[in-house]
Amino acid sequence: MSIKSGYFKQHLHVDLTKGTAERRPIADAFIEKYIGGRGFGAKLVWDNLKNHDFKIDPLGPENLLVVAPGPLTGVYLPSSGKNSFVAISPATGLYGDSSMGGGFGIELRQTGTDVLSVTGKAPELSVLFIDNGETTIIPMPELKGKSCLEAEGMIKERLGTHAVHVATIGIGGENTVRFACVNTDWSRNAGRAGMGAIMGAKNLKAIVVRGHKDLPVYDVAGLVAEAEQAFKYMEEHKYFKLWQQEGLMNVIDYANEKGILPTYNFKDSVFARHDQINGTTMVNRYKIGDSACFSCPMCCGNICLVKSGKYTGTVVEGPEYETCAMLGPNLGIDNFAAILSATRLCDELGIDTISTGSIVGATIEGYEKGILSLSDLDGKEIAWGEEDAILELIQKIAHRQGIGDILADGSYRIIENWPEMDKIILQVKGLEQSAYDSRASISMGLAYATSDIGAHHTRAWTIAEEMEEGQNWTNDEKVDTVIYHQKLRPLFDMLGVCRLPWIELGLSEQHYANFYKYVTGNETSLEELLGLSNDIYDLTRLINARLGVSRKDDTLPYKVWANPPLTGPNAGKVIGREDFQKLLSLYYQKRGWDENGIPPAEVEKKFSD
Amino acid sequence: MSKKLTVIPEQCSGCRICELVCAIKHFGVNNPKKAAIRVLTTYPQPVVRMPIVCSQCKVPACAQICPTDSLRWIDGVVQLDEEDCTSCYKCVEACPFGAIYIHPDYDLPIKCDMCGGDPECVKKCPKGALRLIPEAALGESRRLNNVLSYTQMKEIEFYEKGEKKVIRYAEVGKEEL
C-alpha cells in the first residue's frame, strides 16, 4: 500500500483564543490509516481527549471541532459532495459526528486543506475565512441573532463575492442549543449531534471557504471510466426518476405501509392522513424545483413553495423523509404547508429537525399525560396538530425562552427536570431517535443502541432488510448485517461521499474501492477499506468507553420495551429485553469486545501513533 | 454549425456535474473552477439555478472589444486565437452574461468551445437542463409554455375504452377580449 495522490497532505489548525492559524503537514502513514472525513476526525478528537486527560466540556473552548472532507470529495463520481463535522457532542457528551452535503467540502478541499480543526474561543462573534492559502479570523458582531440564511447573505455581501461557500450557524447555535446544526448552501445541514452548538460556544458564526486548486487525482482516465459506469448504472435504475422527482419523500408511503412511521411521538407507527404529506402531494402541489449536492445525479433535494393559505410564500429546500416524519406525523400535523413552514423555521434557526420534532412530540405527550403542567409550558397549551403552538415552541427552543431553555438542552436535561419524561422521550445516549420505528425490527434496535453518536440511523439501517427477511432472519444474520452496515456506511463518511447511491439504488460498493484506487493510486481492496473503517468504529467505541459508556448505555428508549404501536401492521409489537440482551452479547462477541462492551486493550495501542 | 447549446434553468438541480466534466475534458483535472460553464445559485428569493455558458453570439461583445482580434465567430463558435490573445480580460468584462472565466493557474480566458460540436456538459447533465438544439428550433418550447400560461386552461375528463383520460384546452374568457 502506498499513497501516490488524492491529498494535499495539509492539516489546517486554528486556535480562536490565540487568533492563530497553522498549516501542519500530514504524514503518509496517517493518511493511509485514517483515510479522511470521520476517520481523521475521530483520531484528532481522540488525541485531543488524551491531551485533556479525558475531561472535555463539549461547550468548552478545549473541545476540538474537526471539519473534514474525504479524498473523494469533489471529484467526478456520483454524489461526491460530503463533508464531516466531528467533535465531542454536546447532546451526548460522547463522540459525535455529522455530515453535510452541498458544495462546502469541495471548496474547503480546493483551498488545499484535507482537514480543518478549530479549538479555543474567539473574543467576539467571528467568521473564519479560509481564502486559498490565507486564513483570517474576522470579527463580525453584526451577525449576532441572524438566521442561517441571513448570515450567509450578509457574509457574502461583506466579503464582496458570491463565489464562496459558507457553513454557518443560526440563533440555535449561538444559544448553544444542544441539537443545533451547521447550515451550508442555505439548506444543507450537518444536522445531528449538536455541531452548531460547538461553533456557537466558540463564538464562531461561520466558516467561509474559497479555493481554486485542482483536486489531486492519481489516474483521471481510470476514475472517469469507473464513474461513467456508476452514473450509467444509476441513470438506468428503475427508481432513478422517482428519486429525482421525490427524493427521500418517497419513503413516507413506504414507512406508513410497513408501519414504521413515527406518529404522535411514536405512540403509533401509521398515520391515517399520510397521503396529505407524502411525496406525491409534494410533487403535485408544492414542488418548484430540484436541488442536488455536488456531482449528484439523484438530486434528492426538493425546493418547495407554498402557493396558498396562511403559509403562502414559504420557500424551503426540503423536507426530506426524516424532517417530514418528525415535524409532521410525529406531531400530528397533516398539513404539508405547515411542515414546510416548520422546516424553513428550523433551517433559519439552525436546529436539527429530528431532535426538534422528537422533543416537541415528547413535550406534547408529556403535557397530555400530566407530566408537564400548564405552568411548565409558560401557560401556553399545546396539543397534537396545533401548528401555531408547535411553531411557537420551536422558536422558544432556539431562543431559550421559558420552557424552551430546558428543551434546548436536549433529552438528558428534560429527563433530569421531569424524571417521568424518561418514559416518553425516545433517545439513546442523549441523542433523540430518528424516524424509523425499531419496535418492528430488533436489528434496527441494535443499530440504534450501538451507534456511536446515539439513536441515529446513519451507522446502520437494517430495518428494510429485516422486514423483508421476516422471521427467517437468524440472530447471526441480524448482527452480521448491523456490523457490516457499521463498517460500510461510515466508510462513505471517511471517503467524503454520499451513501444514497448504494443504499437506495444498489450501486455496488466495489465501485468505491475502485474510486479510492484511482484517486490515491493506492491499490487497496474493499475488504481492506472496510477493515480500516471498522478500526475507526473501534476507536469511537474506545472514546465512548473512556468517557464512561458500557453495556448499560447500549440500550433503547423505554417505549421500545413497553409501549407497542397502537395500530398498523406492527400493532402490539415491542422488543423483548431478554431477546435484545442476547443479541447485544452476540454483537459484542462478534466485535471482539468484552461482555460489558469494552474493546480489548490492544485496540488502544493501534491508535497510539 | 447550426446547433446551439441552450440552458433550461428550471430543470437545473445545481449539481455542477457540467463544471466537472468541462474541466476534465479541457484541462484533464478535477477542478470545477476551471470550467467554461458555471452554475450560479440564488436562494431563497428568488430560487434560481442558472448554468452560465457562452451563447456563441453572432455579434459577440467579447470579440468587438478584443484589442487583438483574438476572438472570432467561426462556424457557429466564438473561437479564441491563443497565439494573439494578450490576456487583458476585456472580453471577460464585456460579455453581457459573464460567461467567460478566469483561473489563476492559467493566463488565457476560459470560454466554451462547444467541444467541437458535441459538448460534454450536454451529454452528462443528469437533468436534461443543457440541450443542443437546432438554431431554427430555439424558443419553441418557451413559446409553447408562454402560450399555455397566458391562456386559461380548462380540463375535461372523459372515458375511452373504460380508461379515464383528461383533455386540456384553452378558453379565452370573453371579458378579457
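**Figure 1. The interface of chain A and chain B in the predicted model.** The contact draws 40 residues from chain A and 30 residues from chain B. Between them the two chains bury about 2600 Å², and 57% of this area lies on carbon and sulfur atoms. The size of an interface is often stated in this way, as the accessible area lost when the parts come together. Polar contacts across the interface of chain A and chain B number 17 residue pairs, with both residues at pLDDT 80 or more. Four elements of chain A, namely helix H3 (104–110), helix H7 (220–236), strand E13 (287–291) and strand E15 (315–317), each supply at least two residues of the side that touches chain B. The most comes from H7(A), which gives six residues to that side. Sorted by class, the side of chain A that touches chain B holds 21 nonpolar, eleven polar and eight charged residues.

**Figure 2. A salt bridge between the chains, Glu107(A) with Lys33(B).** Side chains of opposite charge can pair when their charged atoms come close. Across the interface of chain A and chain B there are four salt bridges. In the one formed by Glu107(A) and Lys33(B), the N to O distance is 2.4 Å. Over all chains, the structure holds 57 salt bridges.

**Figure 3. Surroundings of Ser13(B).** Ser13(B) sits in the loop that runs between strand E1 (3–7) and helix H1 (17–27) of chain B. Is Ser13(B) buried or exposed? Its relative accessible area is 2%, so Ser13(B) counts as buried. Apart from neighbours within four places in sequence, Ser13(B) contacts Asp290(A), Ser291(A), Ala292(A) and Cys299(A) in chain A. In chain B, the contacts of Ser13(B) under the same exclusion are Arg49(B) and Lys127(B).

**Figure 4. A salt-bridge network that includes Lys123(B) and Glu120(B).** The closest N and O atoms of Lys123(B) and Glu120(B) are 3.4 Å apart, and the two residues form a salt bridge. Both belong to helix H4 (residues 120–124) of chain B and are three residues apart, about one turn of the helix. An α-helix has 3.6 residues a turn, so residues three or four places apart point the same way. Lys123(B) is partly exposed at 46% relative accessibility, whereas Glu120(B) is buried, with a relative accessible area of 14%. Salt bridges with shared partners join Glu228(A), Lys25(B), Asp118(B), Glu120(B), Lys123(B) and Lys124(B) into one network.

**Figure 5. The salt bridge of Lys34(B) and Asp105(B).** The closest N and O atoms of this pair are 3.0 Å apart. Lys34(B) is placed in the loop between H1 and strand E2 (38–42) of chain B, and Asp105(B) in the loop between strand E6 (101–103) and strand E7 (106–110) of chain B, so the pair ties together parts that are 71 residues apart in sequence. Lys34(B) is buried, with a relative accessible area of 7%. Asp105(B), at 49%, is partly exposed.

**Figure 6. The salt bridge of Glu142(A) and Arg158(A).** The side chains of Glu142(A) and Arg158(A) meet with an N to O distance of 2.8 Å. Because Glu142(A) lies in the loop between strand E8 (134–139) and helix H4 (148–159) of chain A, and Arg158(A) in helix H4 of chain A, the pair ties together parts that are 16 residues apart in sequence. Glu142(A) is partly exposed, with a relative accessible area of 35%. Arg158(A) is partly exposed as well, at 46%.

**Figure 7. Helix H13 of chain A and its two ends.** Helix H13 of chain A covers residues 353–368. At the start of H13(A), the backbone nitrogen of Ile354(A) has a side-chain oxygen of Asp352(A) within 3.3 Å.

**Figure 8. Asn534(A) in helix H22 of chain A.** Helix H22 of chain A, residues 526–546, contains Asn534(A). Asn534(A) is buried, with a relative accessible area of 18%. Not counting residues up to four places away in sequence, Asn534(A) touches Lys487(A) and Arg591(A). The C-alpha atoms of Asn534(A) and Lys487(A) are 5.1 Å apart in space, while the two residues are 47 residues apart in sequence.

Definitions and conventions:
Residues numbered from 1 in each chain as written. Chains lettered and ligands numbered in written order. Predicted model: local features only at pLDDT ≥ 70, side-chain atom pairs only at ≥ 80, totals over all residues. Heavy atoms only, no water. Contact = heavy atoms within 4.5 Å. Buried area = accessible area lost by both parts, 1.4 Å probe. Polar contact = N/O pair within 3.5 Å; in protein donor to acceptor, adjacent residues only side chain to side chain. Nonpolar A, V, L, I, M, F, W, Y, C, P; charged D, E, K, R; others polar. Expected span 1.5 Å × (residues − 1). Buried < 20%, exposed > 50% of the residue type's maximum accessible area, 1.4 Å probe, protein only.
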